[in-house]
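Have a look first, then read on.

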Amino acid sequence: MKTSKFYKQQDFQHFLENDPDVREYWQFETAIMSRRLKAKSFLLDGYCKVCDKPTTFLVDRLFGAQETSQSWTPNWRERLVCTHCQLNNRQRAILHVIKDTIATRANEHAISLYAMEQITPLFAWLNQHFEHVTGSEYLGEKIEGGTIIKGMRHENIEALSFADQSFDIILSNDVLEHVNLPEQAIAEIYRILKPGGEFFMTVPFHPNALKTVRRAELMGSQIKHLLPPIYHGNPLSEKGSLVFNDFGWDLLEQFKAVGFQEVSLCHCCSYFYGYFGIQYYFMAYKPLI
Ligand SMILES: [Zn+2]
């Protein structure tokens, strides 16, 4: 997997416009799609780093494929579903990163990991493969943090119930956009990370925007919509989860403001591992002192 780190918008923009690999990948994706103009779905061969074996990746038109009368482009981020583990592009890529990160730690078996999800296949995989894994879901506003209901732990990430310096690694997949006060959640993540700990995150991001756009805010228990509401799928709610913010590059500043260092957008791609399209995740490091 080729990974490139970016700290500023203009550097990322320059990379996307000038990197020969990015151009080659784009040509390759266009060639793949040009042979499947009428297909509703198709399979691509590859290697799943989560399953650690050769697999096929399912590509279909779900989750907002861009369709014209001439052609279509899949939502690469949400598709390329491994036919063995059922995890999609972004989920497999972030687990690949977590796996590699843990493997390089000297105290590999003592690493404590917190994932901001628990009901998902991704969490089940983490729990099977690492020794000290904690997960949680948001179960409702009147529940005390840390309460376990039917085996599931409740946490509000704006006010986590964990002690300071509890975890070596924290993972958040498409959660932060659903939080009313992301800066408060970021401060909480920093608090519960051990010094030397790392935070990894995927989140819908607008790489052309310098500033985050607020779509909604909580006024007491009332939601005030500033833009037409957008909801994302939530396995615990039929209505889905409301998007409060469309993040731009100032998100990185919010991380630095609470003390994080090396806050970066990490672009990753690999046809072998089935990471197509312009894919990235974020990482932030809590310094030792
Ligand atoms: Zn797999």
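**Questions and answers**

Student: Is cysteine 85 buried or exposed?

Tutor: Cysteine 85 has a relative accessible area of 17%. This is a predicted model, so local features need pLDDT of at least 70 and side-chain atom pairs pLDDT 80 or more, while totals for chains, interfaces and linings use all residues. Residues are numbered from 1 along each chain as its sequence is written, and side-chain values use heavy atoms, leaving out hydrogens and water. Under 20% counts as buried, over 50% as exposed and in between as partly exposed (1.4 Å probe, protein chains only), so cysteine 85 is buried.

Student: Which residues are the protein donors of the zinc ion?

Tutor: Donors are N, O and S atoms within 2.8 Å of the metal (3.2 Å for Na, K and Ca), and sites may look incomplete because water is not among the atoms. Here the donor atoms are SG atoms, 2.2 to 2.4 Å from the zinc ion. Along the chain they follow the spacing C-x2-C-x30-C-x2-C. They belong to Cys48, Cys51, Cys82 and Cys85.

Student: What geometry does the site of the zinc ion have?

Tutor: The 4 donor atoms make angles of 102 to 114°. Four donors count as tetrahedral if all angles lie between 85 and 135 degrees. So the site of the zinc ion is tetrahedral.

Student: Which residues in helix 6 are buried?

Tutor: Helices are DSSP runs (H or I, at least four residues), strands are E runs of at least two, and both are numbered from the N terminus. Helix 6 covers residues 250-257. Its buried residues are Leu251, Leu252 and Phe255.

Student: At what angle do the axes of helix 1 and helix 2 cross?

Tutor: Axes are lines fitted to C-alpha atoms, for helices over the stretch in contact (heavy atoms within 4.5 Å), with angles from 0 to 180 degrees between N-to-C directions. Helix 1 (residues 9-18) and helix 2 (residues 20-34) have axes that come within 5 Å. Under 35 degrees is roughly parallel, over 145 roughly antiparallel, 65 to 115 roughly perpendicular and the rest oblique. The two helices are therefore oblique to each other, crossing at roughly 55°.

Student: How far apart in space are arginine 61 and serine 41?

Tutor: Arginine 61 lies in the loop between strand 3 and strand 4, and is partly exposed at 25% relative accessibility. Arginine 61 is 20 residues from serine 41 in sequence. C-alpha to C-alpha, the distance in space is 6.8 Å.

How values were computed:
Four donors count as tetrahedral if all angles lie between 85 and 135 degrees; four count as square planar and six as octahedral if opposite donors are over 155 degrees apart and all others between 65 and 115; anything else is irregular.
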